[in-house]
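Good morning, colleagues. Please look at the sequence and the model while I speak.

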Amino acid sequence: MARLEFYRGPYAAGDPPLFVARLREGRTRIGRVDDCDVVLPDDEVSRSHCLIDPHHGGWSLVDRSSNGTFRNGERVSRCELEHGDLLRFGPFTARVDIHTDVLAAPTEEAQTEQRAEEIVSSGGEQLTIAEAWLTIASGPGEGRRFRLRGGRVAVGGFGSRVVLPDPGLVKDHVRVRLLNGRTMIEPGLGAAFLGPARIRDILPVFPGEEIRIGNTEFAVGWDVREDAPMADRFGEMVGVSEPMRRAFGMLRRMAAHHAPVLLIGESGTGKELAARALHDASPRAGRPFVALNCGAITASLFESELFGHEKGAFTGATERRDGAFQRADAGTLFLDEVGELPEEAQSKLLRSLESGEVRRVGGSEPTFPDVRVIAATNRSLMEDSKKGTFRTDLYFRLAVLAVRLPTLRERPDDIPIVAETLAKRISPNITLSPDAHEALKAYPWPGNAREMRNVLTRAFVLYGPAIDAASLVFNPLERDSGTTAVWTNRNAIEEAEREVIVEALRKANGNRSQAARMLGVARSSLLYKLRRWGIED
């Protein structure tokens, strides 16, 4: 896995990094605003400074800034990254460290969760699951049942995946294939019959039909049951509370399937982390994971971004280009902020999901990429569909499996472990004092884990690895009267903010531009605060 080691100022061999950011298989966005994947709090860093995408077994960087992105001292607009490259974003330097290949092997979690079951529906706190069982209808072992695990199961004598108690059977006598709740029988090494006819090609078997092999007749059926799975972890997500363990359990069970998943939750609850973990824990692990932010694409460009285009298809199309569907072939396509899609784009996405057909803009030949779609939204798409702003048929196509990710407010027991985990990802040297933990627990976290990450990053960059309550700068938002008084008292908030700004000015020796960069705010915003408080020197 590749990573970026960040330093304030120039890089010097042997210096410990300020913090480290991993480059995963999807897009990494670097910038100043809180919704970036890597946040650099400095006025010289643009709001969305640059993008890093997986590309032909490596990574490519695309500059989006006004101040420029520099690689090894030269300003670049687009480039391929290599091991040891030094990137500069404002006052920050990042060293590219490439350890291993982009594609990872399937995780142990993925291997253990694959099973022959279908999730009929998901909602609330439980799943409706149908599991495949083979039942001996007549012959040796009549009445015995065998649970079928895996999508293609060999049935027969000794050495088969499922061994039946019939001495007349050979190894892998016949094969049972399970696909989307359907049962298919495939010829094996022995003779198999459906009624009087011998099975010579793969064919479907319907409920009530029995297969005869040797002296045995068996049927395959599906048992439906309710399940409320729980798990202690899932991917990089952490938590010990019951709501989070319930979400982990549902996500782990969903990972083994190929049906679309809809992730529902407020901004910052970890929807992209959940999508990446679903991919890594699925049979598609090691294949492409492609993320597309639907809220950042104009309606006119959406079709090209999703389906690709042919050379000359429109002005500026100077070469043939793959879209997200083609890049995600055999893997996972993550559609973030899917609720922001304009109506025309919703119609085109629905058509592709229903037919499986993808056609480049300006092209005539369709392709049929094998893609699992995971979508995410912070809106109520059901309510939007009732209002007519989101297509009802697209909602049901995306929400075959759905899971809601709880907010930090709903799981206060998780705040300490989330804070410690985020701190160690920023830098292994960070320590959080007891009063820092108390302040973190008292804050209501409207921006959830993403806001917490940025609060901790800002504290680390400005004050160093030993973080106490005085190092934490929260958004000065008024809260309900039931919340801790420090967050409801506007005077207390302004006093805390004033102390942070005065301390930054002291460290900058009165240089207001430098203090603004340290605080990660615009100089004009800092000057406004100083004038408001009557601070001249």
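I begin with an open sheet of six strands, in which the pairing is antiparallel and the order runs β2-β1-β11-β10-β7-β8. Please keep in mind that this is a predicted model. The edges of the sheet are formed by β2, residues 19–23, and β8, residues 74–76. Each of these two has a single partner strand, so one side of each is left without a neighbour in the sheet. On average, neighbouring strands here are turned by 30 degrees against each other, direction ignored.

Let us look at one pair within this sheet. Strand β1, which covers residues 2–8, is joined to β2 in the antiparallel sense over five bridges. Within this pairing, Ala-2 stands opposite Leu-23 in β2.

I turn now to a helix, α10, which spans residues 434–442. Which of its residues are buried? They are Ala-436, His-437, Ala-439 and Leu-440. Viewed down the axis of α10, these buried residues fall within an arc of 160 degrees, and therefore they line one face of the helix. In general, an α-helix has 3.6 residues a turn, so residues three or four places apart point the same way. Pro-434 and Glu-438, on the other side of α10, are exposed.

Finally, the protein chain as a whole. It contains 15 helices and 30 strands. Of its 537 residues, 47% are buried. Among contacts with a separation of 6 or more, 56% are between residues 24 or more positions apart. The chain exposes about 25400 Å², and carbon and sulfur atoms supply 48% of that area.

Notes
Residues are numbered from 1 along each chain as its sequence is written. This is a predicted model: local features need pLDDT of at least 70, side-chain atom pairs count only at pLDDT 80 or more; totals for chains, interfaces and linings use all residues. Side-chain values use heavy atoms; hydrogens and water are left out. Two strands pair if DSSP finds at least two bridges between them. Helices (H or I, at least four residues) and strands (E, at least two) are DSSP runs, numbered from the N terminus. Axes are lines fitted to C-alpha atoms, for helices over the stretch in contact, and angles run from 0 to 180 degrees between N-to-C directions. Buried means under 20% relative accessible area, exposed over 50%, partly exposed in between (1.4 Å probe, protein chains only). The arc is that of the directions from the helix axis to the C-beta atoms. Contact means heavy atoms within 4.5 Å. Accessible areas come from the Shrake-Rupley method with a 1.4 Å probe; for residues, only the protein chains shown count as cover.
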